[in-house]
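Dear colleague,

Here is the structure I promised to pass on to you. Please have a look at it first, and then read the notes below.

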Amino acid sequence: MATVEECRSALERLSAKLGAAEGELGRATRLDRSLSCRLPDLDTTFTGQLRDGTLHDITTAPAADKAQIRLQATSDDLVALVDGDLNFASSWARGRIKLEASFKDLLTLRKLV
């Protein structure tokens with residue numbers, strides 16, 4: 001099981017990757033939305049703001065937040081996903097990773113997978 005610090009580091013690496021994205025992928029990351037990442041195995045939820053292609057203000061928050069984009073995964077799956085060792089689409093299809101967002105945001109975010 002990954003630690004809270006490893007998961008925070010993974011989210012910071014994800015933020016750097018999003019910020020470096022160019023072209024159509026870069027445009028897909030330019031959403032301005034609140035984001036949460038729930039890690040049930042650590043009983044931790046990270047929250048932040050996806051803005052200008054990067055994640056800002058990454059903090060831990062109570063589990064019952066109302067973020068516009070909500071991701072849920074185990075700590076190990078989050079780290080593997082960010083490191084490129086886990087395929088999002090197949091993990092989502094098997095229920096290992098959950099993503100909740102508005103239909104419009106889901107259409108935009110599909111460009112990232």
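I begin with a loop, the one between E2 and E3, where Asp52 is found. Please keep in mind throughout that this is a predicted model. Asp52 has a positive phi of about 55 degrees although it is not a glycine, and with a relative accessible area of 59% this residue is exposed. A second residue other than glycine with a positive phi is Asp57, for which the value is near 55 degrees; Asp57 lies in strand E3 and is exposed, its relative accessible area being 60%.

Next come the helices. The axes of H1, which covers residues 4-20, and H3, which covers residues 75-83, come within 9 Å and cross at roughly 25 degrees. Because angles under 35 degrees count as roughly parallel, H1 is described as roughly parallel to H3, and the crossing in which H1 passes H3 is left-handed. On the side of H1 the contact is made by Glu6, Cys7, Ala10, Leu11, Arg13, Leu14 and Lys17, and on the side of H3 by Ser75, Leu78, Val79, Val82 and Asp83. Sorted by class, this contact of H1 with H3 has seven nonpolar, four charged and one polar residues.

H3 also has a buried side to describe: its buried residues are Ser75, Asp77, Leu78, Val79, Ala80 and Val82, and they pack against H1, E1 and E4. After H3 comes Gly84, whose phi is positive, near 85 degrees.

Leu78 is in contact with Cys7, Leu11, Cys37, Leu39, Leu71 and Ala73, if its neighbours within four places in sequence are left aside.

Finally, is Trp92 buried, partly exposed or exposed? At 49% relative accessibility, Trp92 counts as partly exposed, and this residue is found in helix H4, residues 88-93. Not counting residues up to four places away in sequence, Trp92 touches Ile97, Lys98 and Leu99. The C-alpha atoms of Trp92 and Ala73 are separated by 9.6 Å, with the two residues 19 apart along the chain.

Conventions
Residues numbered from 1 in each chain as written. Predicted model: local features only at pLDDT ≥ 70, side-chain atom pairs only at ≥ 80, totals over all residues. Heavy atoms only, no water. Axes fitted to C-alpha atoms, helices over the stretch in contact; angles between N-to-C directions. Helix = DSSP H or I, 4+ residues; strand = E, 2+ residues; numbered from the N terminus. Parallel < 35°, antiparallel > 145°, perpendicular 65-115°, else oblique. Left-handed = near helix turned anticlockwise from the far one by under 90°. Contact = heavy atoms within 4.5 Å. Nonpolar A, V, L, I, M, F, W, Y, C, P; charged D, E, K, R; others polar. Buried < 20%, exposed > 50% of the residue type's maximum accessible area, 1.4 Å probe, protein only.
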